[in-house]
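Below is a briefing on selected local features of one chain. It is grouped by topic.

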Amino acid sequence: MENANIHTLVIGGGVIGLAIARELALRGQEVALVEQHPFLGQETTSRNSGVIHAGIYYPTHSLKAKLCLQGRRRLYDYCQEKNIPHQKIGKLIVATTPTQQETLHRIHKQGLANGVEGLELIGPRKIRALESDIVALEAVLSHQTGIIDVHSLLKALEADFLHHGGMLVKNAAFQTYKRSDKAHIVQIQSENPYTVHCRTLINAAGLHAPTLANLIHADDSGWRPIQSYFAKGHYFSLSGPHNFNRLIYPIPETGGLGVHLTLDLGGAAHFGPDVQWIDTIDYCFSENRKEKFIQEISAYWPAVLNRDIKPNYTGIRPKLVGQGKPAADFKILSPKHHKISGVIHCLGIESPGLTAALAIAGEVAGVLDLGNLGAEEMG
């Protein structure tokens, strides 16, 4: 088994790990990024709606609210700079019953409290003018919501990372961990297994991040194990043409934002995700969920009853709380939380993680206090 010495090791090659690794490389750090799959972003990153979120729903002053707003602004700038395909097409959050209207008003107020620009509360006449096929009593129009080519974003982040001296290793999985007085020691399983000695270790492993955190802190008496919860979402695609110009979201449900209509950059319409709580990572598609999809979609687009939707793909949200519980905030755990110098955990990074990725990277870089956080105080 070979040995490698590196200042910073990032575990996880989804958009969060890649954005963090890129940010640290831009700041002059010696950084290696390891990803267990043959391609970057194969799990949560590539299995979502591809939406740039405005920052409407999240509790004021939460990390989700703060980093979504910051990340969205940075992401649009980055897309312009790197010519990443994207469109700021906007979205409607629609209420189809009087009870839902009350919730919609709270959502609107929350978005304003969060500082989201370009929010309008609109009635049926303007809804029909914007989206002639949608039936709703009222809606929030978000001008800042958009869509993005996720693959192109990953390629741009990877190119930046490598250009600034980053080292990327794929097909390489975190296996074991221990620490000495001077380093974190990580065994990596790959075609040629090796051991990495690093001063800074960043856990950005997405669905697997709680498991890695618990392994890293297995011998720490003050550590409270992190529980993993998985919420699978199915996506269906619409067959044939449509008249939609923007995204259409229902009132959120527990565990997700409801079965919404999204458009890709080619103009195709997709529906999802729903919420199916599962115990293990499983991407199998349950086609028997189609009727429930149609029922939920028909509340705001009745014409779906005369159309066909086809199975597309599934994704899994990494949750920190289980079924029926209020959504948890992002967790970025630093040495002030667990007392181990040089270790950062990014936990529960579900939606709006893609939108927030560049801001999350900046947050982690700030927490590290570059140049001062090393192995000198490791215990």
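Ser351 counts as partly exposed because its relative accessibility is 36%; with a 1.4 Å probe and protein chains only, buried means under 20% relative accessible area, exposed over 50%, and partly exposed in between. The model is predicted, so local features need pLDDT of at least 70 and side-chain atom pairs count only at pLDDT 80 or more, while totals for chains, interfaces and linings use all residues. Residues are numbered from 1 along each chain as its sequence is written, and side-chain values use heavy atoms, with hydrogens and water left out.

- Ser351 sits in the loop between β20 and α9; helices (H or I, at least four residues) and strands (E, at least two) are DSSP runs, numbered from the N terminus.
- Apart from neighbours within four places in sequence, Ser351 has contacts with His53, Tyr58, Lys64 and Phe330, where contact means heavy atoms within 4.5 Å.
- Ser351 and Arg317 are 34 residues apart along the chain, and their C-alpha atoms are separated by 7.8 Å.
- The peptide bond between Ser351 and Pro352 is cis, with omega about 10 degrees.
- Pro352 belongs to the loop between β20 and α9.

**Other backbone exceptions**

- Most residues other than glycine have a negative phi, and most peptide bonds are trans.
- A cis peptide bond also runs from Gly272 to Pro273, with omega near -5 degrees.
- Pro273 is placed in the loop between β16 (269-272) and β17 (276-278).
- His61 is not a glycine, yet its phi is positive, at about 75 degrees.
- The loop between β3 (51-52) and α2 holds His61, which is exposed, with a relative accessible area of 79%.
- Asn83, also not a glycine, has a positive phi of about 55 degrees.
- Asn83 lies in the loop between α2 and β4 (86-87) and counts as exposed at 67% relative accessibility.

**Helix α5**

- Helix α5 covers residues 150-163, and its 14 residues should span 20 Å at 1.5 Å a residue; the end C-alpha atoms are 20 Å apart, which agrees.
- The expected span of a helix is 1.5 Å times one less than its number of residues.
- Buried residues of α5 are Val150, Leu153, Leu154, Ala156, Leu157, Glu158, Asp160 and Phe161.
- The cover over these buried residues of α5 includes the helices α1 (15-26), α2 (63-82) and α9 (353-368).
- Strands β2 (31-34), β8 (146-148) and β9 (167-169) are also among the elements covering the buried residues of α5.

**Helix α6**

- In helix α6 (residues 209-216), the buried residues are Ala209, Pro210, Leu212, Ala213 and Ile216.
- These buried residues line one face of α6, because they fall within an arc of 160 degrees when seen down the helix axis; the arc is that of the directions from the helix axis to the C-beta atoms.
- An α-helix has 3.6 residues a turn, so residues three or four places apart point the same way.
- Elements covering the buried residues of α6 include β1 (2-11), β10 (173-179), β12 (194-203) and β20 (343-347).

- Thr262 is in strand β15 (residues 260-263) and counts as buried at 4% relative accessibility.
- Not counting residues up to four places away in sequence, Thr262 touches Ser49, Val51, Leu247, Tyr249, Ala268, Ala269 and His270.
- His338 is in helix α8 (residues 335-338) and counts as buried at 9% relative accessibility.
- Leaving out neighbours within four places in sequence, the contacts of His338 are His217, Trp223, Leu333, Val343 and His345.

**Cavity**

- There is one cavity of 30 Å³ or more; on a 1 Å grid over the protein atoms alone, a cavity is a set of points where a 1.4 Å probe fits but cannot get out.
- The largest cavity holds about 40 Å³ of space, where grid points are joined across faces, edges and corners and a volume is the space filled by probe spheres set on the points.
- Its lining consists of Gly206, Leu207, Pro210, Ser228, Tyr229, Phe230, Pro318, Lys319, Leu320 and Gly348; lining residues have an atom within 4 Å of a point.
- Strands β13 (229-238) and β18 (309-319) each give at least two residues to the lining of the largest cavity.

How values were computed:
On a 1 Å grid over the protein atoms alone, a cavity is a set of points where a 1.4 Å probe fits but cannot get out, and a pocket is an open set with protein on both sides within 12 Å along at least five of seven lines; lining residues have an atom within 4 Å of a point.
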